[in-house]
Amino acid sequence: MRIITTTAELAEFCTAARQEPYVTVDTEFLRERTYYSKLCLVQMAMPGKDDSNAVLIDPLVEGLSLDPMYELFRDGNVVKVFHAARQDLEIFFVDAGVIPHPLFDTQVAAMVCGFGEQVGYEKLVRAIAGKGLDKTSRFTDWSRRPLTEAQQKYALADVTHLRTIYEFLAAKLEKTGRAHWVEEEMSILEDPETYIMRPEEAWQRVRTRTTTPKFLAIVRELARFRESYAQTKDIPRNRVFKDDAMLELASTKPSSVADLGRSRLLLREARRGEIAEGILAAVQAGLNCPPDKMPQIDRSREKLQVNPALADLLRVLLKAKTEASDVASRLVAPSADLDALAAGLRDVQALRGWRHEVFGRDALRLCAGQVALTVRGNDVQIVEL
């Protein structure tokens, strides 16, 4: 098993990989104690049937530069193959501002090829490669050295079987004419905006039942401070304070350290020092926010007049169309899109790109009363009106 520990070795491998049509990639990382993922291992494999073209790259070795790998990632002639790529891509983007291109995510491709919703790597290995995986090393500490033999075997299997899976799915996509479907989905993963977390937008991920503008203004400032502090200190945001504590603070509006001491949910470390000062400043900033600058919840969809019968018909149509196309229904249209269509909205993802081919075109015809649905045997079919 080859473990790369020098920049020269990595450059040699990546130079060879740039002569190939694709390379498979995976990572092992830790994130329990940090804001940003700590990269502990990179696995890569070139086309082949054995382990001779596969390597483990140890980024924790002092003096090893990942620049040759990033040059490979920028090479537009080599497809970079991942499974469930988002977290891996975030690591590379944060580390070097690099997003591998062109990109192929086998999880997305498998959903397009009829393997179900959010299909796992282990399931694909069994179904396509006809192999089993030993997952006992999955949750081990990947930052400890030396790596055990079991860890090395587990890590290598994540890229060697991926070659078989990629070749199978790529061939199926080509045969069915659906390669452009996956390319459309890859554009989202290749967009830098997917991996940028702006502190001023962090409040939008906080779930709250209280939606008055003043309350939300305080939540926004608290979430902004927490995100900025967590990023600067590289600690998980929940180590600063949790969401329930944030909502409590937005309700009680503390104005002093003594007030913070009366909080039921605030961590002890957050009741003093920099975090306490940041909380009090954020609460005050929220209270002082001008009315025209206060955040507003978009309730436009909450007030939609959804036609429930039409929404049910759209669900039946979606099921029929995705079963006929052998593609995961949730990938085509989530429930919210169906309700929006049934309420008259047309700015939904289900009406764009390849989704329009599979479902959107007939969905619009159903909404317009141009077609109906009927059952013949076990099949739901469209009837022209």
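Let me start with a term: buried means under 20% relative accessible area, exposed means over 50%, and partly exposed lies in between, with a 1.4 Å probe and protein chains only. At 38% relative accessibility, V316 therefore counts as partly exposed.

Some housekeeping. This is a predicted model, where local features need pLDDT of at least 70 and side-chain atom pairs count only at pLDDT 80 or more, while totals for chains, interfaces and linings use all residues. Residues are numbered from 1 along each chain as its sequence is written, and side-chain values use heavy atoms, leaving out hydrogens and water.

V316 sits in helix α13, residues 308-325; helices here are DSSP runs of H or I with at least four residues, strands are runs of E with at least two, and both are numbered from the N terminus.

Next, helix α15, residues 335-342. Its buried residues are D337, L338, A340, L341 and A342. They pack against α13 and against α16, residues 353-367, where contact means heavy atoms within 4.5 Å. After α15 comes G344, with a positive phi near 100°.

Now the strands. β7, residues 371-376, pairs with β8, residues 379-384, in the antiparallel sense over six bridges; pairing requires at least two bridges found by DSSP. V371 stands opposite E384 in β8. Which residue of this hairpin takes a positive phi? That is G377, near 70°, in a hairpin with two residues between the strands.

Last, a record. An unreviewed UniProt entry annotates residues 212-293 as "domain: HRDC"; such annotations may be inferred rather than shown by experiment. In the model, that span is 67% helix and 0% strand, and its end C-alpha atoms lie 13 Å apart.
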